[in-house]
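Hello,

Here is the structure I promised to pass on. Have a look at it first, and my notes on what turned up follow below.

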Amino acid sequence: MTAAAVPLTVAVAGIEEPTSDVRTLRLVSATSAPLSPFAPGSNIEVQCGERRNAYSLIGDPRDTSQYAISVLRVADGSGGSRFLHDEVRRGDLLTISPPKSAFAPPAAARHHLLIAAGIGVTPFLSYARAFARTGASYELHYVHRARQDPHAGLLGLPGAAVRRYVGRESLAASLPELLDAAGVGTHLSVCGPPAMIDEVLDLARTRGWPEHRLHSERFVGVEAPAGEPFTARLARSGQTIAIPSGTSLLDAVRGAGVDLPYLCRQGVCGECKVRVLAGTPAHHDLHLTSAQKAAGDLVMACVSRCEGDELELDL
Amino acid sequence: MTPADLLPQTLPARIARFPFPFPRDEYRYTANVQPAPAFEPTVVGGWGDTVVEVDEHYLAELEERAEILAEDPERSITLPHMKAAAWDAVLYTLQGFADARPDVARLSIDGDRVRWENDLLNTAIEFVVGDESTLPLDPLTWVGTQVQEDICLLDQREGHLWLDAGLVTFAADWSLAFDIGMSFLEFHGPVPRVHEAGVMPAAEQFLMRLTPEQAYRRTNWTLTIDRRMDVSTEKYDVWGKDRRLLTLEEVGERVHLRVEVQHLVRLPVSGAVMFYIRSSMLPMHELLLVPEWAARARAVIEELPEDMADYKGIARYRHLVVQWLDAQLEADDPQSAAEAA
């Protein structure tokens with residue numbers, strides 16, 4: 001049912017470089033269509049040359065005059081961030097997707113305990129702006145490597161209770177106390193690299209936090225394994241597609257002309273979920289719950305493969 | 001010649017734009033959702049090209065809503081965590097009104113400052129999003145002074161939807177104050193048949209995947225005696241007895257086909273799911289102006305299984321409606337009228 005999102009054309013209206021490896025782009029609509037408001041924690045896909053990367057919107061969710069994203073240069077990445085750092089100039093046009101809500105704050109929380117590492121702080125920047133308007137109670141614990149803080153502007157927000165940590169160890173030392181001191185009705189939201197998220201959530205679980213009060217967004221996904229070759233039979237189109245080792249199910253299916261939507265390509269976002277009609281998927285994603293994985297009727301085409309020779313898919 | 005050509009040239013808008021809900025001669029519960037807005041033609045006109053609908057009952061229904069709220073403030077409830085959703089609903093609804101009726105309404109937004117003009121009410125107001133003191137009422141109750149729609153706001157958490165805010169003055173045999181805080185599956189608990197078929201979990205899954213880019217809608221229906229908007233559980237003592245006192249002679253004037261057009265919207269900032277419930281009614285004697293509708297409604301009402309008729313509250317008198325429609329349809333049919341002569 002997800003209607004195909006209509007891409008938007010935006011112009012780069014401003015570029016800031018708060019540190020040597022972070023670039024903040026301000027984007028305005030380049031057409032008569034206004035930008036839409038968005039849920040805090042939303043991201044947009046940006047066409048970066050050949051690649052499409054997802055970035056959190058860091059501005060005010062109700063500000064429809066511009067979008068802002070913060071891009072960390074990933075030197076050994078697939079090239080999307082290098083494109084936005086090296087190729088893009090003020091005034092250039094970019095193609096983006098409409099905002100997608102992937103990590104919205106839980107409305108029913110009486111207090112938000114936010115923990116972010118590095119560039120993982122970006123979704124919380126729009127949280128903070130939304131909370132400033134609604135008066136929601138929150139505190140942000142933000143760990144970063146260098147003494148430089150690319151998002152120092154956050155400290156100026158009204159109502160912000162921000163504590164900064166330099167280095168993972170200094171946050172780790174404070175975590176038990178943070179988790180134990182949280183009042184009734186507090187929800188914990190964590191964003192950063194997977195290892196850091198796992199560390200925080202595992203500690204929260206052992207200290208008695210119920211699962212439904214834990215929220216996270218992973219900023220680095222999984223690598224798709226090369227895997228064994230297998231065959232995908234597409235029930236709706238009647239096609240049979242061979243997936244060689246080293247090619248993802250997503251790429252093979254799209255290569256055969258099926259418009260399967262995707263976003264992160266890292267088993268995180270859930271966009272390329274496909275219903276499995278027969279065969280057993282080999283799950284490598286972070287999106288499906290363990291119950292969903294056990295049920296075996298869904299597969300994330302970007303990273304997951306087949307346990308055996310053949311999958312029949314609802315495509 | 002199409003049936004529409006045989007009709008009077010100037011059917012009033014309440015008939016021409018009536019969202020007649022029956023595509024076939026029998027009715028069962030389904031999720032029956034479709035993208036919105038989209039014009040749905042009927043034999044005499046059509047409906048659905050706007051999300052907010054303003055009709056000839058506008059002033060009367062808003063006045064009635066104000067009276068209902070004055071007597072029973074619990075018809076509008078916003079749980080504390082739904083304030084952001086209520087503001088979202090205000091902005092979405094005013095935009096929907098301005099889109100539907102640019103001839104009488106204007107919305108301009110500059111950051112958090114909003115200016116709204118509604119000529120139908122001679123209203124011109126400026127307010128600040130997020131600042132309740134700039135509106136005369138709480139946001140959800142206030143926006144209910146501008147549109148005829150009832151509004152429900154559902155929070156999405158823990159893998160379910162929860163009815164945590166609403167402005168519902170025109171409920172068809174339910175109660176917002178009773179249902180508030182319930183999950184989607186809980187407040188649909190009394191609906192017969194749908195649970196065995198798994199309709200409700202599927203509908204909930206559908207709603208949880210809604211995105212702000214695309215609204216959807218569905219219709220629901222019942223019969224209401226007299227043009228009574230407020231047939232809530234709270235007022236059962238007032239309207240309940242009509243169902244057993246109704247006589248055959250009264251059917252044409254008093255029994256109304258009541259259709260709810262429900263729009264389903266993902267609000268952009270709060271992420272809440274919004275239901276508009278817009279109730280329209282046509283009395284049986286007006287339904288008869290469109291013979292296809294009268295015949296179709298007659299078939300549906302007669303065929304409806306007893307448990308569904310009971311849930312809709314029409315089990316006691318639907319035979320009278322069928323009997324009345326039969327008599328009228330027969331009298332209107334030139335062939336049978338000739339045979340009778």
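Asp226(B) is partly exposed, with a relative accessible area of 23%; here buried means under 20% relative accessible area, exposed over 50%, and partly exposed in between, using a 1.4 Å probe and protein chains only. Its phi is near 70 degrees, a positive value in a residue other than glycine. Asp226(B) sits in the loop between β10 (215–225) and α8 (236–239) of chain B; helices (H or I, at least four residues) and strands (E, at least two) are DSSP runs, numbered from the N terminus.

Before going further, please bear in mind that this is a predicted model, in which local features need pLDDT of at least 70 and side-chain atom pairs count only at pLDDT 80 or more, while totals for chains, interfaces and linings use all residues. Residues are numbered from 1 along each chain as its sequence is written, chains are lettered from A and ligands numbered from 1 in the order in which they are written, and side-chain values use heavy atoms, with hydrogens and water left out.

Backbone of chain B

Arg193(B) also has a positive phi, near 75 degrees, in a residue other than glycine. You will find Arg193(B) in the loop between α6 (184–187) and α7 (199–208) of chain B, and at 37% relative accessibility it counts as partly exposed. A cis peptide bond, with omega of about -5 degrees, joins Ala36(B) and Pro37(B). Pro37(B) belongs to the loop between β1 (34–36) and β2 (40–42) of chain B. I point these out because most residues other than glycine have a negative phi, and most peptide bonds are trans.

Aromatic rings

How many aromatic pairs does a search of the whole structure find? Over all chains there are 21, where rings of Phe, Tyr and Trp (its six-membered ring) pair if their centres lie within 6.5 Å, and planes under 30 degrees apart count as stacked, over 60 as edge-to-face and the rest as tilted. The rings of Tyr127(A) and Phe131(A) have centres 5.7 Å apart and planes at 65 degrees, so this pair is edge-to-face. Tyr127(A) and Phe131(A) are separated by about one helical turn because they are four residues apart in helix α2 (residues 122–134) of chain A. Tyr127(A) is buried at 0% relative accessible area, and Phe131(A) is buried at 5%.

In chain B, the rings of Phe127(B) and Trp142(B) are also edge-to-face, with centres 5.5 Å apart and planes at 65 degrees. This pair links distant parts of the chain, 15 residues apart: Phe127(B) is in strand β7 (residues 123–128) and Trp142(B) in helix α4 (residues 139–143) of chain B. Both are buried. One aromatic cluster is formed by Phe18(B), Phe20(B), Phe22(B), Tyr27(B), Tyr29(B), Trp221(B) and Trp293(B).

Chain A

The secondary structure of chain A comes to six helices and 18 strands. Along its principal axes, the C-alpha trace of chain A spans about 55 × 50 × 35 Å. Buried residues make up 45% of its 315 residues.

Met196(A), in helix α4 (residues 194–206) of chain A, is buried with a relative accessible area of 1%. Leaving aside residues up to four places away in sequence, Met196(A) touches Ile115(A), Ala116(A), Ala117(A), Arg168(A), Leu171(A), Val190(A) and Cys191(A), contact meaning heavy atoms within 4.5 Å. The C-alpha atoms of Met196(A) and Gly279(A), 83 residues apart along the chain, are separated by 35 Å.

Best wishes
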